[in-house]
Amino acid sequence: GTRIIYDRKFLMECRNSPVAKTPPSDLPDIPGVTSPGVEELKLENHHVQNCEEKVSAGEEEQFDMDI
């Protein structure tokens, strides 16, 4: 068979393509795999609320870490 070989530069340029940022139209909805799971959404909302509370209290984090 024939192999198609891409160099690193080409692949790095492809990640900025609009096609690479949109999911396929016929992709099934699988929570936690192709869409955020219920627990992930809860964690994300909790994280956003914690950050908002700290900023409103006058405390700023040096940097924000996503776990």
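This is a predicted model: local features need pLDDT of at least 70, side-chain atom pairs count only at pLDDT 80 or more; totals for chains, interfaces and linings use all residues.
The protein has three helices and zero strands, where helices (H or I, at least four residues) and strands (E, at least two) are DSSP runs numbered from the N terminus. Read from the N terminus on, the order of the elements is α-α-α. The pLDDT, which is the predictor's confidence in each residue on a scale from 0 to 100, averages 75 over the protein, and 57% of the residues score at least 70. Confidence is highest in α1, with a mean of 93, and lowest in helix α3 (residues 38-56), with a mean of 61.

Of the 67 residues in the protein, 3% are buried; buried means under 20% relative accessible area, exposed means over 50%, and partly exposed lies in between (1.4 Å probe, protein chains only). The accessible surface comes to about 6,800 Å², and carbon and sulfur atoms account for 55% of that area, as computed by the Shrake-Rupley method with a 1.4 Å probe, where for residues only the protein chains shown count as cover.

Helix α1 (residues 8-14) holds both K9 and E13, which are four residues apart and therefore separated by about one helical turn. Their side chains meet in a salt bridge, at 3.7 Å from N to O, the term meaning a side-chain nitrogen of Lys or Arg within 4 Å of a carboxyl oxygen of Asp or Glu. By this rule the count is one salt bridge. K9 is exposed at 59% relative accessibility, while E13 is partly exposed at 45%.

The structure also holds one aromatic pair. The ring centres of Y6 and F10 lie 5.3 Å apart with their planes at 15°, so the pair is stacked; rings of Phe, Tyr and Trp (its six-membered ring) pair if their centres lie within 6.5 Å, and planes under 30 degrees apart count as stacked, over 60 as edge-to-face and the rest as tilted. Y6 is partly exposed at 47%, and F10 is partly exposed at 38%.

L11 is partly exposed, at 46% relative accessible area.

Conventions: Residues are numbered from 1 along each chain as its sequence is written. Side-chain values use heavy atoms; hydrogens and water are left out.
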